[in-house]
Amino acid sequence: MHGRRTSLFWGGILTALSALYRAAIYLRRMFFDLHIFRRKKISCPVISVGNLTLGGTGKTPTVIQVAQLLKSKHRRPVVVSRGYGRKGETEIVVVSDGRSVLVDAQTGGDEPVMIGTKLPGIAVVVGRRRYQAALLALQRFKPDVVILDDGFQHLPLKRDLDIVLIDAGNPFGNGKLFPAGILREPMNALERAHAVLITKADGTPDVGSLKETVRRYTPARIFTSRQVPVDLIDSRSAEIKPLSDLRGSRVLALSGIASPDSFVSMLRSLGADVAAVGTYPDHFEYQRSDLEAVFRKAADEKVRLIVTTEKDAIRLKKLQADGVWALRIEQVVNEHAEWETFLLEGLTDA
């Protein structure tokens with residue numbers, strides 16, 4: 001999702017709508033600042049992982065990384081998310097109880113199910129009203145910290161640490177608010193952040209200038225991270241292949257995510273010959289006919305491997321697709337020791 005290219009006519013309409021959106025944001029923040037709208041606090045610390053733009057910054061890998069780090073330090077985290085795109089968003093659903101994933105992507109949302117799959121021992125709860133979802137998590141799982149997925153704009157729930165992610169390759173789009181651009185809030189919203197994590201920093205040569213831009217809006221700590229490919233896993237059988245199998249192989253890149261170009265670039269960086277792509281909207285619910293079209297394209301292009309993202313693999317699971325491999329990645333914070341200290345001290349001070 002790289003900015004928004006439009007005609008002059010539609011650009012004017014979108015700019016007008018952005019002005020209305022800006023006014024709505026301003027009024028909402030003012031009502032919370034004046035305590036007309038209440039912010040509610042729960043009985044344990046809350047770490048929010050969010051962003052300033054629409055999609056594609058790496059929130060899900062970051063939530064997983066934070067949860068794994070805290071668990072390794074003998075904390076008891078749970079993850080609370082909205083579960084965007086699922087059926088019945090008003091319901092509070094336990095996606096994972098820490099022992100097993102209890103629902104599918106249609107019920108729990110693709111990202112929460114992926115989080116639950118990758119975080120054994122950590123419960124995941126979804127609900128549009130995050131405060132009520134957090135209360136259920138507290139009652140049922142007795143955590144000592146709640147990780148709020150995509151929480152930066154969710155003002156009703158108080159948090160102790162606000163981490164904002166910025167994609168190094170496309171930090172602010174065209175600099176305009178939705179719907180004319182990809183900004184969810186004006187840049188000065190960064191003043192609420194306790195830390196800014198610049199993601200995918202390894203693919204951008206001029207991270208220094210991006211840091212300078214960020215510092216104009218916030219005194220928050222700035223960290224950088226990179227996404228590290230791990231291996232390939234069969235989306236049905238869970239068979240593992242090494243990344244070396246991609247080298248020189250003709251590949252079809254299948255994705256329904258916010259930033260498909262970055263996925264294709266990663267495959268190419270691993271030596272894959274990306275001969276074809278199958279690109280769908282973010283959170284796309286695949287049907288059997290979509291999968292059949294992908295296999296036909298793969299046959300036409302004589303590809304050796306169909307490779308998708310982990311999030312897509314969650315949504316493809318119901319179709320029991322043979323021969324679709326998911327590229328597994330990990331989020332690595334470059335300033336690991338400082339990042340760990342920041343998180344743990346933030347919880348201590350809460």
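Let's start with Arg315, which counts as buried at 3% relative accessibility (buried means under 20% relative accessible area, exposed over 50%, partly exposed in between, with a 1.4 Å probe and protein chains only). This is a predicted model, where local features need pLDDT of at least 70 and side-chain atom pairs count only at pLDDT 80 or more, while totals for chains, interfaces and linings use all residues. Residues are numbered from 1 along each chain as its sequence is written, and side-chain values use heavy atoms, with hydrogens and water left out.

**Salt bridges**

- The structure holds 24 salt bridges, a salt bridge being a side-chain nitrogen of Lys or Arg within 4 Å of a carboxyl oxygen of Asp or Glu.
- Arg315 pairs up with Asp312 in one of them, at 3.1 Å from N to O.
- Both of these residues sit in helix H9, three residues apart, or about one turn of the helix (helices are DSSP runs of H or I with at least four residues, strands are E runs of at least two, and both are numbered from the N terminus).
- As a rule, an α-helix has 3.6 residues a turn, so residues three or four places apart point the same way.
- Asp312 counts as buried too, at 0% relative accessibility.
- Salt bridges with shared partners also link Arg29, Glu185, Glu191 and Arg192 into one network.

- Arg328 and Asp231 form a salt bridge, and their closest N and O atoms are 2.8 Å apart.
- Arg328 belongs to strand E13 (residues 324-333) and Asp231 to strand E8, so this pair ties together parts that are 97 residues apart in sequence.
- Asp231 is buried, with a relative accessible area of 11%, while Arg328 is partly exposed at 26%.
- Lys318 and Glu285 make another salt bridge, with 3.2 Å between the closest N and O atoms.
- Lys318 is in the loop between helix H9 (310-316) and E13, and Glu285 is in the loop between strand E11 (273-279) and helix H8 (288-300), so the pair ties together parts 33 residues apart in sequence.
- Lys318 is partly exposed, at 39% relative accessible area, and Glu285 is partly exposed as well, at 34%.

**The two sides of helix H6**

- Helix H6 (residues 207-215) has Val207, Leu210, Thr213 and Val214 as buried residues.
- Down the axis of H6, these buried residues fall within an arc of 115°, so they line one face of the helix (the arc is that of the directions from the helix axis to the C-beta atoms).
- Glu212 and Arg215 are exposed, on the face of H6 turned away from its buried side.

**A loop residue**

- Ala238 lies in the loop between strand E8 (221-234) and strand E9 (240-241).
- Ala238 is partly exposed, with 45% relative accessible area.
- The C-alpha atoms of Ala238 and Trp325 are 9.0 Å apart, though the two residues are separated by 87 residues along the chain.
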